[in-house]
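These are my notebook entries on a single protein chain. I set down what I looked up, entry by entry.

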Amino acid sequence: MRTHLDCLPCFMRQALEASRMVSADRRLQEELMRRVLRWAGDMDLGLPPPVMGQRIHRLLRELSGNSDPYREAKKRQNTIAMALLPELERVVGSSSDPLLTAARMAVAGNIIDMGVGGAFDETSVRASIGRAADEPLQGCWDDLRRAVESARRILYLADNAGEIALDRLLVERLGPERLTVAVRGGPAINDATMEDAVDVGLDRVVKVIDNGSDAPGTILEDCSSSFLELFHKADMVIAKGQGNYETLSEAPREVFFLFQAKCTVAALHAGFPIGSRVVTKSNSSYPGRK
């Protein structure tokens, strides 16, 4: 997905919010904002938005001297999600369609996203999960289910901290023995890293790897060779979250996406109303894709 003009003010907002979260030093905040403004003027709009997100957050870490500015926020998000997990496991276990219910819960957890404007807390996460039973997944769920039934090797691309705890519900229903879960290779906003996977116990359920990149998405050119080998050889790839959708929607292979459409640009590109809980895929003639 290419960067749209509407993405530019979002970069500014994200940079300003991040700089204020990390430091009260106005000089640091001003330096970050001026650099991002210059980059925005020169950037290639043909690239996906997470390319700029990666540059912004690399610079934030450099200027602040903080290697992971969102670490404490991610720990809080993991704690919130883990507290909800036992109750949600009972809901999924008693469902007439555990795979669909687990997918709905996992997508509901995609509200935990610090890269998109809008605040969230335990109340909003609970509300999102509470709506999961009544709000259907829009898109090609039946295609995803058929692909799951025939796949021997599935690569599952995680998105955010906190959300990764709820991914356990879906991972367990997909069959951990045939799954590999990939997290980010370095800090990127509140995206999940190996530290978060360990924090929520996902590494005790399924094989977890990192993709070798600190981008808030999956920029294939920036990923490790070992990740790319798995990406291309897997029978099926499932990618969570908008960042993964933005970077892989034109991927050279079929990728299934599960996410909440939280911004107008991504919603328009996917062909669904904003706020939708979406199942779609790359390289697809599915009519929902535009």
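**Entry 1: strand 7 and its partners**

I looked up Gly139 and found that its bridge partner in strand 7 is Val279. The model is a predicted one, in which local features need pLDDT of at least 70 and side-chain atom pairs count only at pLDDT 80 or more, while totals for chains, interfaces and linings use all residues. Residues are numbered from 1 along each chain as its sequence is written, and side-chain values use heavy atoms, with hydrogens and water left out.

I noted that strands (E, at least two residues) and helices (H or I, at least four) are DSSP runs, numbered from the N terminus. Two strands pair if DSSP finds at least two bridges between them. Strand 1 and strand 7 run parallel and are joined by two bridges. Strand 6 pairs with strand 7 in the antiparallel sense, over five bridges. Phe256 has Lys281 of strand 7 as its bridge partner.

Is strand 7 buried or exposed? Five of its five residues are buried, so strand 7 is largely enclosed by the rest of the structure. Here buried means under 20% relative accessible area, exposed means over 50%, and partly exposed lies in between (1.4 Å probe, protein chains only). Arg277, Val279 and Lys281 point one way from the strand, and Val278 and Thr280 point the other way.

I then traced the open sheet of seven strands, whose order is 1-7-6-5-2-3-4 with mixed pairing. Strand 1 (138-139) and strand 4 (207-210) stand at the edges with a single partner strand each, so one side of each has no neighbour in the sheet. Strand 2 (residues 154-157) pairs with strand 3 (residues 179-183) in the parallel sense over four bridges. Within strand 3, Val181 stands opposite Tyr156.

**Entry 2: helices on the sheet**

I recorded that helix 7 (residues 141-150) packs on the sheet and touches strand 1, strand 5 (236-240), strand 6 (256-260) and strand 7 (277-281). Its direction makes about 135 degrees with that of strand 6; axes are lines fitted to C-alpha atoms, for helices over the stretch in contact, and angles run from 0 to 180 degrees between N-to-C directions. Helix 10 (residues 225-233) lies across strand 2, strand 3, strand 4 and strand 5, at about 120 degrees to strand 2.

Which residues of helix 7 are buried? They are Trp141, Leu144, Ala147 and Val148. Seen down the axis of helix 7, the buried residues fall within an arc of 125 degrees, so they line one face of the helix; the arc is that of the directions from the helix axis to the C-beta atoms. Asp142, Glu149 and Ser150, on the other side of helix 7, are exposed.

**Entry 3: Thr218**

I found Thr218 in the loop between strand 4 and helix 10. Thr218 is buried, at 1% relative accessibility. Beyond its neighbours within four places in sequence, its contacts (heavy atoms within 4.5 Å) include Leu157, Arg184, Phe227 and Leu248.

**Entry 4: cysteines and confidence**

I counted zero disulfides, a disulfide being a pair of cysteine sulfur atoms within 2.5 Å. For Cys7, the nearest cysteine sulfur is that of Cys263, 6.5 Å away. Cys7 is buried at 8% relative accessibility, whereas Cys263 is partly exposed at 21%.

Lastly, I checked pLDDT, the predictor's confidence in each residue, from 0 to 100. The chain averages 92, and 93% of the residues score at least 70. Over residues 285-290, pLDDT stays under 50.
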